[in-house]
Amino acid sequence: MQTPPVMRVVERELLVSRRLWRGWTSSHFVMPLLYLTAMGVGLGDIIDDRGRTVDGLAYMEFVAPGLLAATALMLAAGESLWPVMVGTKWLRTFHAMVATPLGPGDAYDGILAWTALRAFAGSALFLTVATLFGGVPSAWGLLAVPAAALGAAAFAAPLIAYSATQDSDATFPLIMRLGVMPLFLFSGTFFPVSQLPDTLQPVAVASPLWHSVELCRGATRGDLGAAAALAHLVVLVSIVAAGRAWGRRSFTRKLVP
Amino acid sequence: MDSPLVEGRNLTKRFDSFTAVDGIDFRVERGETFGFLGPNGAGKTSTMRMIGCVSPISGGDLTVLGLDPMTDGAAIRSRLGVVPQEDSLDTELTVWDNMLIYGRYFDLPRAEIRRRATELLDFVQLTERRDDRVDPLSGGMKRRLTIARSLINQPELLLLDEPTTGLDPQARHLLWERLYRLKQDGVTLLLTTHYMDEAEQLCDRLVIMDDGRIVAEGSPRELIAAHATREVVEFRFASEKSRSDALSHLQNTGERVEAHADRILVYTADGDKVASFLAGAGDTAQAASILVRRSTLEDVFLILTGRTLDD
Ligand SMILES: Nc1ncnc2c1ncn2[C@@H]1O[C@H](COP(=O)(O)OP(=O)(O)O)[C@@H](O)[C@H]1O
Ligand SMILES: [Mg+2]
């Protein structure tokens with residue numbers, strides 16, 4: 001029985017991450033804790049004290065699913081930029097893979113699958129913490145974990161593809177500052193998109209993060225309709241599919257020219 | 001007769017409009033050590049990458065292990081060992097983990113990988129370092145680890161792209177000795193190098209490449225016999241004046257003379273006779289040093305292309 005090629009790549013990532021688990025604990029556990037405390041408790045108390053709700057939710061209930069999806073996105077961004085440059089240029093570890101029966105498409109799929117898995121694990125942990133903070137009123141909230149992982153994959157799929165077209169990391173800080181951070185802040189994470197100026201609302205709605213935030217929030221409050229859920233899923237899955245088609249091509253160009 | 005392990009016919013590699021490999025023909029037989037010798041930019045790596053099925057061919061024909069790299073790339077790669085020109089080790093991980101990960105790429109069972117890795121690390125003399133991170137290892141050790149890793153799937157054919165470039169002499173000799181052992185064990189080796197001594201030491205047969213083409217082919221001895229003379233006399237000079245005066249004298253020897261910026265080479269069957277030739281010339285035509293030596297592959301390359309290998 002053959003191990004699927006993509007799993008062999010994931011195995012490598014697992015082995016590598018065994019060495020990095022300390023950094024992981026901080027990104028998956030400490031950061032959510034800080035965010036939930038600062039935003040959910042700190043900011044939330046001010047809002048709640050004034051008897052206000054956001055979209056009919058206590059602020060903690062509003063922001064917890066937003067943070068869940070947004071930290072999954074940050075994690076995806078972290079895996080999709082510099083680590084790809086490590087594989088294609090700095091350590092050439094992807095080149096080692098394609099010298100074996102694995103192909104460039106397997107390398108791409110493996111990194112994408114790995115990113116989704118990490119996002120899944122991180123989101124499960126986040127959800128647990130958020131539940132303790134009282135940010136998850138509904139048991140449907142469990143579905144927010146795969147939703148956040150899917151959102152991470154939709155973000156990572158095109159970003160990994162892009163990174164493999166680059167010969168240096170020159171553009172990466174710019175992508176973080178002008179791409180990832182605005183998405184992180186303005187995709188309905190911390191406040192409803194309806195608060196944005198009218199011209200910016202369509203932009204926010206086009207971001208994969210908005211779709212995953214909506215899915216996560218719908219899950220944790222337990223009132224997401226099937227039609228809306230399906231629409232968000234279709235968008236996210238389409239982005240993954242398109243990103244993957246691009247990524248398999250850019251990995252091929254880069255690794256087996 | 002056995003079919004060749006690798007065969008290229010009019011093999012070509014183009015990058016956009018630039019032709020890196022310009023229609024080369026070669027055969028590598030089972031059990032031999034075959035070399036591509038040539039200077040930087042000759043097209044050696046491009047050729048190796050096509051053979052390793054990590055670069056599609058642009059023209060001609062290529063078969064590796066009797067298969068077509070275009071359609072059977074993964075199947076071929078599963079039976080190859082590859083030591084690329086640039087290291088691709090997981091330097092953050094330990095020596096052992098590198099072996100383990102690479103074995104898993106071939107989908108070998110863990111127990112089998114452990115068994116082979118223990119043997120292979122012993123073979124490349126890295127057993128003591130197995131739990132150390134790769135990053136701080138010396139260049140020679142990293143190369144040896146890359147070789148050990150490339151053998152994890154017990155390949156029928158081992159591709160080595162400049163295996164000792166950048167290593168100090170001691171590390172090179174250790175590596176050569178290991179490669180020689182592999183060769184004795186019957187592994188077919190295919191290597192590229194721009195060191196003529198490496199080619200002479202290791203290769204049963206080789207082709208000399210220049211500018212994407214093959215300019216000569218044969219065993220080291222055949223190549224020297226066919227293209228160079230038995231001996232070479234190297235004259236070096238203290239001044240440009242003495243060099244040019246001597247040059248006109250030496251050109252009357254009737255032997256083949258190659259003038260270079262720093263020295264004059266005379267190719268001859270009788271080195272001692274040529275070495276004494278300047279004795280009859282004037283004071284201004286005297287050499288600072290005279291060396292009589294046997295011809296090497298470097299001389300073959302020089303005669304064929306007018307350039308040295310490390311130009
Ligand atoms: N991916 C590539 N894109 C464009 N040109 C390349 C590429 N790879 C190699 N070349 C060019 O092809 C020529 C041969 O390179 P290479 O095969 O690496 O030679 P060698 O290994 O003998 O030094 C060089 O001029 C090099 O610049
Ligand atoms: Mg090369």
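**Exercise 1. Work out which pattern chain A follows along its sequence.**

Reading along the sequence, you get α-α-α-α-α-α-α-α-α-α-α for chain A. Next, count by type: eleven helices and zero strands. Both are DSSP runs numbered from the N terminus, with helices being H or I of at least four residues and strands E of at least two.

Before you go on: this is a predicted model, where local features need pLDDT of at least 70 and side-chain atom pairs count only at pLDDT 80 or more, while totals for chains, interfaces and linings use all residues. Residues are numbered from 1 along each chain as its sequence is written, chains are lettered from A and ligands numbered from 1 in the order in which they are written, and side-chain values use heavy atoms, leaving out hydrogens and water.

**Exercise 2. Find out why the radius of gyration of chain A agrees with a compact globule.**

Start with the rule: 2.2 Å times the number of residues to the power 0.38, with the radius taken over C-alpha atoms. For 257 residues, a compact globule would come out near 18 Å, and chain A has 19 Å, so the two agree. As for the spans, the C-alpha trace of chain A covers about 60 × 40 × 35 Å along its principal axes.

**Exercise 3. Say how far apart the centres of the two domains of chain B are.**

First, get the bounds, which come from an automatic or database domain assignment: domain 1 of chain B is 6–225 and domain 2 is 229–294. Then take the centres over C-alpha atoms; 40 Å separate them.
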